[in-house]
2 protein chains.
Amino acid sequence: MSSVLPTSLANTAEQEAYLYLQHALRTGRYKPGERLISEEIAAEIGMSRMPVREAFRRLAADGLVTLRPNRGCVVAGLSFDELYETFEIRSVLEGLAVRLATPKMTEEHFEELERLLDRMERAGHSGSSDWVLRHQEFHSAIYTLSGRPKLIRQISALHVVIEPYMRIWFDYVNKPLSAREEHDQLIKVLALKDCAKAEEVMRKHILETAPTLANYVNSGRP
Amino acid sequence: MSSVLPTSLANTAEQEAYLYLQHALRTGRYKPGERLISEEIAAEIGMSRMPVREAFRRLAADGLVTLRPNRGCVVAGLSFDELYETFEIRSVLEGLAVRLATPKMTEEHFEELERLLDRMERAGHSGSSDWVLRHQEFHSAIYTLSGRPKLIRQISALHVVIEPYMRIWFDYVNKPLSAREEHDQLIKVLALKDCAKAEEVMRKHILETAPTLANYVNSGRP
DNA sequence: GATTGGATAATTGGATACAAAATGAGATCC
DNA sequence: GGATCTCATTTTGTATCCAATTATCCAATC
């Protein structure tokens, strides 16, 4: 269900190309270092090179690919350092988001968060990498409450960039299953309604998963 | 000198268009809400619409313009809330940067920062909006030390977005002149080499200027 | 055997051409 | 008078074409 490509919802060919490529990159169909040839992709989705090129630019801005003049489009991928850096940035941005969200949290929100955790756990047991999407849903449910559109966009973009690595992580070890209790604790702290505390705990929550993930991911790549 | 357009350094037409438009937007030549017509701009710099369109996409990713299907490119501009939000994001990102930079700071760096403040002050007295660029230089001298490329890029992008508003601020009031002492205090705290303290002070430094700026800027616009 | 050189193929960048959509001005209707 | 409709104009989106750049391959050389 979540793997359906909303190409029919794309108003323009550029958007269709963008969504198509973003999905492919998120699910790891293209590997880091791989070169994307505009004409090939254009043929795949039945359009000319031009909209694909424009999609490339958006993906490059997202950090999903690298674009160099006259030498095309290369799937980006993250080095160990870059992955860690991304988690550092996530930690302060999501820390800010949760600080702003805390005063707005109601009992219903906490119930919703629990439901999302349940779903995440079920997805984890079924072995599907759906877990990654559920995990994103849980986090986004928190920071959406901040009511800060630009902040939300930035955080979402970072989630997309690390998504392939989260999937690999899940496929290698089943560490994510034990993540349930960590997230439960997170909810408990949020319930205290202490903004500073909430920010601090979210920061730690994110920074702690960084090294574990990074070690599993970059064992054999620059 | 700083207003020279490095068009000759642009390898590709798209890059030339991008630099041209970014400069125009930074210096406030185009006003928020104004529509940018690809063909007009293409004619201005002597190229076809195509590279300009691609430049539009990059500018949209930077948040400098808004792009809607079939209805073109509009100069973005920030509402009061958006400006404030941008400063909130800046505060945590630059807070992180200064935290990471603090352990790496040497005596030479502090001397360099003092020199940059002197230049900033001189630029301020000469009345030119060069002050804005000097102010950027000062801040970037700090966060460059963090050694985090992605973080630096994100912060720089935010500085570009708020640049037009900083210029307007400078042109209206000469508040920036009194900013010298605030920045001096910032340096003093950095010299303590206390990472947590440095982060906290940088956050405050940025958040404090936000409302002042926002009030002067959005008196007559949504 | 590894390296350099150059011809050829693959690929990108940019201009032009054309179709589709939006914008705007004037006429028409209520 | 104000709202709505119509049609010409403007502007955007995409395909195609050509030039310029880069990658690849194969032979010649050290």
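Q: By class, what residues make up the surface near DNA strand C?
A: This is a predicted model. The surface near DNA strand C has eight nonpolar, six polar and five charged residues.

Q: Which of the 19 residues around DNA strand C come nearest?
A: Those are A:Gly72, B:Thr12, B:Ala13, B:Met47 and B:Ser48.

Q: And which elements give two or more residues to that surface near DNA strand C?
A: From chain A, helix H2 (38-45) and helix H3 (49-62); from chain B, helix H1 (13-26) and helix H3 (49-62). H3(B) has the largest share, with three residues.

Q: OK, H3(A) and H3(B) then. How do their axes cross?
A: The axes come within 9 Å and cross at roughly 25 degrees. Angles under 35 degrees count as roughly parallel, so H3(A) and H3(B) are roughly parallel to each other.

Q: Is the crossing left-handed or right-handed, where H3(A) passes H3(B)?
A: Right-handed.

Q: Which residues meet there, between H3(A) and H3(B)?
A: On the H3(A) side, A:Glu54, A:Arg57, A:Arg58 and A:Ala61. On the H3(B) side they meet B:Arg53, B:Glu54, B:Arg57, B:Arg58 and B:Ala61. By class, that contact has seven charged residues, two nonpolar and no polar.

Q: Switching topic: what span should helix H8 of chain B have?
A: H8(B) covers residues 179-191, 13 residues, so at 1.5 Å a residue the helix should span 18 Å. The end C-alpha atoms are 19 Å apart, which agrees.

Q: What follows H8(B)?
A: B:Lys193 follows, with a positive phi near 60 degrees.

Definitions and conventions:
Residues are numbered from 1 along each chain as its sequence is written. Chains are lettered from A and ligands numbered from 1 in the order in which they are written. This is a predicted model: local features need pLDDT of at least 70, side-chain atom pairs count only at pLDDT 80 or more; totals for chains, interfaces and linings use all residues. Helices (H or I, at least four residues) and strands (E, at least two) are DSSP runs, numbered from the N terminus. The expected span of a helix is 1.5 Å times one less than its number of residues. A residue is near a molecule or strand if its C-beta atom, placed from the backbone, lies within 6 Å of it. Ala, Val, Leu, Ile, Met, Phe, Trp, Tyr, Cys and Pro count as nonpolar, Asp, Glu, Lys and Arg as charged, and the others, Gly among them, as polar. Axes are lines fitted to C-alpha atoms, for helices over the stretch in contact, and angles run from 0 to 180 degrees between N-to-C directions. Angles under 35 degrees count as roughly parallel, over 145 as roughly antiparallel, 65 to 115 as roughly perpendicular and the rest as oblique. A crossing is left-handed if the near helix is turned anticlockwise from the far one by less than a right angle, and right-handed if clockwise. Two residues are in contact if their C-beta atoms, placed from the backbone, lie within 7 Å.
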